[in-house]
Amino acid sequence: MNNNAVFPEAILATVAHDAVLSSVANKVKHEERITTEECEYLFQHADLNFVGALANYINLKKNGKKVYFNKNFHIEPTNVCIFKCDFCSYSRTYKNREKGWELGIDQMLDIVKKYDDQPVTEVHIVGGVHPKMNLDFFCELLEKIHAHRPDLHLKGFTSVELDYMFNKAKLTYREGLERMHKAGLQSLPGGGAEIFDRGVRDEICKDKISGEGWIEMHETAHEIGMPSNATMLYGHIETFAHRVDHMNRLRESQDRVGGFNCFIPLKFRNGDNDMSHLGEVSIIEDMKVYAIARIFLDNFNNIKAYWPMLGRESAQLTLEYGVNDLDGTIDDTTKIYSMAGSEEQNPSMSTEQLCELITHVGKVPVERDSIYNEIQVFETTEA
Ligand code: V47
Ligand code: SF4
């Protein structure tokens, strides 16, 4: 907690005519929680300067000028998937699997071995739901990676992948997660959450795990000592009320069980998918989402921007709107967003580039591990 953060008093005068915005500003000033109705009102009526000033204040108070990043790479075992989410540019159906990729255990171990002499701390494993890649296959993969490099944090599998694997193995979520934990899995990424509302899921990803199932999977992981992340796919057919409902389910879960490391808004990108007819939201809307998430999710310490999806300049801008965490060096190992039309076609940043991006806006880069222990604070050079 940074007690030097100064509340932007001038903001109160700018909203004196509006009872709801005044209430929100006063609640932030006094560290009180805003309601779901107030949150929806922010999406509808607040301007970016207002939510930005509040989000910046909250973030400064919680995290000072520190911006976290980690040194990571991805393994995407396959893009063959039995599901057909309309927003996905990445997957290939099982019938068309010759147009996709399927990696074997040794091929994935070879990817890990490429980093043998590099100081990466995390591998993020995520992909499509392939009917032949089952729980035994992934446990063997986890065991082999762990045996090869025990210091590497293994973060992997969306609850969509896990739900399919565990159902097939006739295991409960708890039994399945305990097996994977034993095999070396240490945390879950935040994917597959999309928008929790049933009606939206029926429209854009109807067959996969429900919103309630997603929360149950993550709460079970938290209960057995595996933390996780949470995402929200925004900027498609969802309403403001759906975003608020989504974030509220996360806020309630965090109160109930705890265990979420960070919240990651994911901007819908419309390249080459079944929702390409939809436009993409503006950068102003992007920044509002980050800022409102920071204000609403008072029990999340970290709001993360995923730069391969946003582009690095927009990701840099989020640092003024409540974000304190940037994912990661990545080393061009993910295809999800390049295939969806992101300007980052080969996402990779060196530590120097990430640090420069952060110091350029007057913040302090801090390398973290996967559970947010600080590894190294980098000296700042003032912008
Ligand atoms: O669940 C897929 C999203 C997610 C598109 O936890 C799309 O550290 C936008 O969750 N436009 C998977 N988004 C990736 C993910 C993730 C990424 C980075 C870090 C972490 C973490 C998690 O990607 C999917 C879906 O919500 N997605 N297609 C698209 N066209
Ligand atoms: Fe499959 Fe995930 Fe793409 Fe949906 S988003 S089609 S579950 S890879």
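Leu-317 is found in helix H14, residues 312-318; helices here are DSSP runs of H or I with at least four residues, numbered from the N terminus. At 35% relative accessibility, Leu-317 counts as partly exposed, a class between buried (under 20% relative accessible area) and exposed (over 50%), using a 1.4 Å probe and protein chains only.

Together with Ile-283 and Ile-284, Leu-317 makes a nonpolar surface patch of about 250 Å². Such a patch joins nonpolar side chains (Val, Leu, Ile, Met, Phe, Trp, Tyr) within 5 Å, from residues with over 30% relative accessible area and no salt bridge. The areas come from the Shrake-Rupley method with a 1.4 Å probe.

## About the model

This is a predicted model, where local features need pLDDT of at least 70 and side-chain atom pairs count only at pLDDT 80 or more, while totals for chains, interfaces and linings use all residues. Residues are numbered from 1 along each chain as its sequence is written, chains are lettered from A and ligands numbered from 1 in the order in which they are written, and side-chain values use heavy atoms, leaving out hydrogens and water.

## A mostly covered helix

Let's turn to helix H7. Of its 10 residues (159-168), 8 are buried, including Val-160, Leu-162, Tyr-164 and Phe-166. Among what covers these buried residues are helix H6 (135-148), helix H8 (173-183) and helix H10 (211-223). After H7 comes Lys-170, with a positive phi near 55°.

## Around ligand 2

Val-160 also belongs to the surroundings of ligand 2, along with Cys-81, Phe-83, Cys-85, Phe-87, Cys-88, Ser-91, Gly-128 and Lys-208; a residue is near a molecule if one of its heavy atoms lies within 4 Å of it. By class, this shell has 6 nonpolar, 2 polar and 1 charged residues.

## Salt bridges

The model has 24 salt bridges, each a side-chain nitrogen of Lys or Arg within 4 Å of a carboxyl oxygen of Asp or Glu. One of them pairs Arg-243 with Glu-285, the closest N and O atoms being 2.7 Å apart. Arg-243 lies in helix H11 and Glu-285 in helix H12 (residues 283-296), so this pair ties together parts 42 residues apart in sequence. Both Arg-243 and Glu-285 are buried.

Another salt bridge joins Glu-9 to Lys-29, with 3.0 Å between the closest N and O atoms. Glu-9 sits in the segment before helix H1 (10-14) and Lys-29 in helix H2, 20 residues apart. Glu-9 is partly exposed at 41%, and Lys-29 is partly exposed at 28%.

Notes: Nonpolar A, V, L, I, M, F, W, Y, C, P; charged D, E, K, R; others polar. Helix = DSSP H or I, 4+ residues; strand = E, 2+ residues; numbered from the N terminus. Contact = heavy atoms within 4.5 Å. Patch = residues over 30% accessible without salt bridge, like charges linked within 9 Å, V, L, I, M, F, W, Y side chains within 5 Å.
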